[in-house]
Amino acid sequence: TKTQNFCRNEYNLTGLCNRSSCPLANSQYATVREEKGRCYLYMKTIERAAFPRRLWERVLLSKNYEKALEEIDENLIYWPRFIRHKCKQRFTKITQYLIRIRKLTLKRQRKLVPLRRKIERRENRREEKALIAAQLDNAIEKELLERLKQDTYGDIYNFPIHAFDKALQQQEAESESESEAEREEEDDDDEGKREFVEAEDSELSDFEDMDKLETSSEEEQEEEEEVEKESSQSKSKGKRPLKGPARRKRPYIEIEYEEETEPGTKTKAA
Amino acid sequence: RVLFPPTFSVSEIKNKQRRHFMFLRWKQQQRKEKLALKKKRRKEREALGDKAPPKAVPKTIENQRVYDETTVDPNDEEVAFDEATDEFAPYFNRQTVPKILITTSDRPRGRTVRFCEQLATVIPNSHVYYRRGLALKRIIPQCIARDFTDLIVINEDRKIPNGLVLSHLPDGPTAHFRMSSVRLRKEIKRKGKEPTEHVPEVILNNFTTRLGHSIGRMFAALFPHDPQFIGRQVATFHNQRDYIFFRFHRYIFKSEKKVGIQELGPRFTLKLRSLQKGTFDSKFGEYEWIHKRREMDTSRRKFHL
């Protein structure tokens, strides 16, 4: 295709640099230009060629599209066909783009905010350092352990070591700890309410040496277990006068006793 | 005149190679001296035994932080009263259940789309809707009508998500964050299986000032109140030096004192840019806090969250 140059003159009608569309080369010329949303028809005639100040005559065109076209026609009557046609084409294009501008301003417009390189770099570097200072894994683990200690998880995770440590430290009545329940067993024996049942299947099988101790009342096996309880208790009574650390191991020992007796109880029950 | 003994400074050597060599040698010397000093100090400590002075705590930025006057005291009544009456009160009184709408800016690219999906799996009771050129101002009343409590808009630039607008819907505050270092699930190493449908727990770390407190409550309001401990999932928002790191883990208690965590789910970091009082309104909104670079970034030890 043949390449064409653009004309840099602001009064040019088509925008291309041709002999027929150069405002300097033609002594009778017309253009349509718009200013602040209003369209004007500019005309240049040969009579005013000597007066550069008055050279371009300007006519305001009406806002109505058809009326404006008629105005162009009556102003450029007897002018060459080419100029008239091109003026009307240019006017059409201008009105179209004005309409589009008005429509776009109503819609939401994207505001471009430029990135500042130095600031971006600084923020990235600070973020890396903050990440290292944060030590996220440790912080999360600490927080989870804290929550475990504060019993937010309730009964899901049972760690007897923890419970017995508490017993050691506090040495006071803890209603839910197993040690106290065992001490009171003498009274409860007659009622047979509190019993120690070893749960054989622990849901959390990943945990090492997790003996899940549950205090549950089973009224069916009262009598049989009472007997076993008394026997285990007598052995435990024998060991009670021992010192603290031995006492601490006492619950473990009793667990073993219960293990031995339990299969017995189960067979009896069955 | 020449000083006696003559000293040669490293920087006066014109030859680059030789200068570089001398500089390396000088550096090695410095390191040796430092090591010797450390050893000596350690010997002195051991020699003194019990009478040794306590170890000096190294200065960190967190230690040297400029004291912010808006730091929340846990026993502050005014703060407690404010929190009982602000926009999150219905959530914290368990009157509302969070329902979240996640959307993006126009024409989201692949990464953003995938990130939105993953975010939707992480946050329970959330829905992703794509925005085809809809104005935010018009979708907000629709959301309120459909009973959504929160709106998240992820802004995208050059095919990666880089901004997050979080707004609490029934006329709640709107926070605008700059999002960086977004990692999708497949980019995380040693990740676990997909996050399940259980409600995760929430950990909010280090939100100390009033502003930090309100932002923390905003994040907490995204998740339902009662976490399902069976799921063993935890979402963490950790604030460090004004950067909020989000992580999603699955934990397991191996024993009393040990817990193992496994990262699943996307991760990203946020930096607060502005906090508006009402819902999202760029022109007429009343800003509670804007990050003004000239005023607020003057000191390296001053943080706002």
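Trainee: What is the area that chain A and chain B bury between them?

Mentor: Chain A and chain B bury about 3300 Å², 58% of it on carbon and sulfur atoms. Buried area is the accessible area (1.4 Å probe) that two parts lose on being put together, summed over both. This is a predicted model, in which local features need pLDDT of at least 70 and side-chain atom pairs count only at pLDDT 80 or more, while totals for chains, interfaces and linings use all residues. Residues are numbered from 1 along each chain as its sequence is written, chains are lettered from A and ligands numbered from 1 in the order in which they are written, and side-chain values use heavy atoms, with hydrogens and water left out.

Trainee: Which residues of chain A lose the most area to chain B?

Mentor: Arg108(A), Glu127(A) and Ile140(A) do, together 18% of what that side buries.

Trainee: What makes Arg178(B) and Glu123(A) a salt bridge?

Mentor: A salt bridge needs a side-chain nitrogen of Lys or Arg within 4 Å of a carboxyl oxygen of Asp or Glu. The side chains of Arg178(B) and Glu123(A) meet at 3.0 Å, N to O, so the pair qualifies. The count between chain A and chain B is four salt bridges.

Trainee: Why is Thr104(B) called buried?

Mentor: Buried means under 20% relative accessible area (1.4 Å probe, protein chains only), exposed over 50%, and partly exposed in between. Thr104(B) has 0% relative accessibility, so Thr104(B) counts as buried.

Trainee: Which residues is Thr104(B) in contact with, leaving aside its neighbours within four places in sequence?

Mentor: With heavy atoms within 4.5 Å as the meaning of contact, the residues are Thr112(B), Cys116(B), Tyr129(B), Arg131(B), Val153(B) and Ile154(B).
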